[in-house]
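Please open the structure in your viewer and keep the sequence beside it.

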Amino acid sequence: MKMTLMQHFAELRRRILWCVLIFALAFCLGWFVSPYVELFLTQPLLKVWDDATLLYTGVSDGLMIQFALATLVALMITVPFLLWHIWAYIAPGLHKNERQFLIPIFLLSPILFVIGAGFAFYVLFPIVFKFFLELNEAAYVPTVFIPAMTGYLAFSVGMLKVFGVAFQLPLVLVGLNRIGVLSRESVIKSRRYVIVAVFILAAILTPPDVVSQILLAIPMLLLFEISILFMRRDDA
């Protein structure tokens with residue numbers, strides 16, 4: 001059944017309002033669970049630091065942190081609903097082959113993001129935080145290491161986002177291949193340049209230590225090789 005332009009706008013408005021409502025309800029939930037989220041996000045640092053103490057540097061730090069974490073929780077809850085509404089809105093106008101192409105992207109994108117963020121949280125964070133602590137303790141002058149909570153959370157959430165986005169690489173490469181923009185043979189031939197580019201990108205996106213750069217570069221290279229396996233052969 002074809003819809004008029006006004007019906008399309010009404011449908012889009014309805015779905016946007018649903019997403020706004022879900023975000024508002026999720027934000028209320030996030031406001032109450034944000035202390036637990038804060039505790040969860042600090043666990044990688046607390047596990048490698050015996051005398052852990054983090055600092056609130058401003059009067060409003062507690063409020064701002066609670067607001068930021070509530071927003072983060074709301075986004076995590078809302079995004080799956082948002083993707084569903086986007087799909088439900090555009091799916092009726094797609095051809096069968098277009099739906100077959102987009103369904104894996106909508107399903108795999110959040111999964112790969114969670115895998116990337118989980119890798120950063122459970123593998124990268126303990127190693128990087130231990131490295132920084134040992135580096136600070138080895139200083140030749142007397143120092144007191146009390147990181148600001150706002151700075152720590154900004155760093156942690158930022159790294160989770162970086163790894164989550166980086167793990168979207170297979171979807172990007174395979175997607176470009178399936179629509180004919182990128183050939184499998186050209187990707188294979190450019191492997192040496194990709195390796196250099198990945199290490200440069202890892203050096204830009206991660207803290208200035210070799211360990212974290214390698215821990216981002218290696219998964220990205222593995223994902224690059226996995227992407228090639230799912231690309232269509234040029235003679236297919």
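At which residue does α2 bend, and by about how many degrees? Select threonine 78: α2 bends there by about 35 degrees, and proline 80 follows within four residues. The bend at a residue is the angle between axes fitted to the seven residues ending there and the seven starting there.

Two notes apply throughout. This is a predicted model, in which local features need pLDDT of at least 70 and side-chain atom pairs count only at pLDDT 80 or more, while totals for chains, interfaces and linings use all residues. Residues are numbered from 1 along each chain as its sequence is written, and side-chain values use heavy atoms, with hydrogens and water left out.

**Helix α2**

Next, select residues 61-90, which form helix α2. Helices are DSSP runs (H or I, at least four residues), numbered from the N terminus. At 1.5 Å a residue, the 30 residues should span 44 Å, and the end C-alpha atoms are 42 Å apart, which agrees; the expected span is 1.5 Å times one less than the number of residues.

Now colour the buried residues of α2, among them Ile65, Leu69, Val73, Thr78 and Trp87. Buried means under 20% relative accessible area, exposed over 50%, and partly exposed in between (1.4 Å probe, protein chains only). The buried residues of α2 pack against α1, α3 (96-137) and α4 (149-166), where contact means heavy atoms within 4.5 Å.

**Helix α1**

Move to glutamate 11, which is buried at 18% relative accessibility. Its side chain meets that of arginine 14 in a salt bridge (3.0 Å, N to O), and that of arginine 15 in another (2.7 Å, N to O). A salt bridge is a side-chain nitrogen of Lys or Arg within 4 Å of a carboxyl oxygen of Asp or Glu. Glutamate 11 and arginine 14 are 3 residues apart in α1, whereas glutamate 11 and arginine 15 are 4 residues apart. An α-helix has 3.6 residues a turn, so residues three or four places apart point the same way. Arginine 14 is partly exposed at 38%, but arginine 15 is buried at 13%.

**Helices α7 and α8**

Finally, select arginine 191 and glutamate 225, whose closest N and O atoms are 2.8 Å apart in a salt bridge. This pair links distant parts of the chain, with arginine 191 in helix α7 (residues 191-205) and glutamate 225 in helix α8 (residues 210-229), 34 residues apart. Arginine 191 is partly exposed at 28%, and glutamate 225 is partly exposed at 33%.

Notes:
Helix = DSSP H or I, 4+ residues; strand = E, 2+ residues; numbered from the N terminus.
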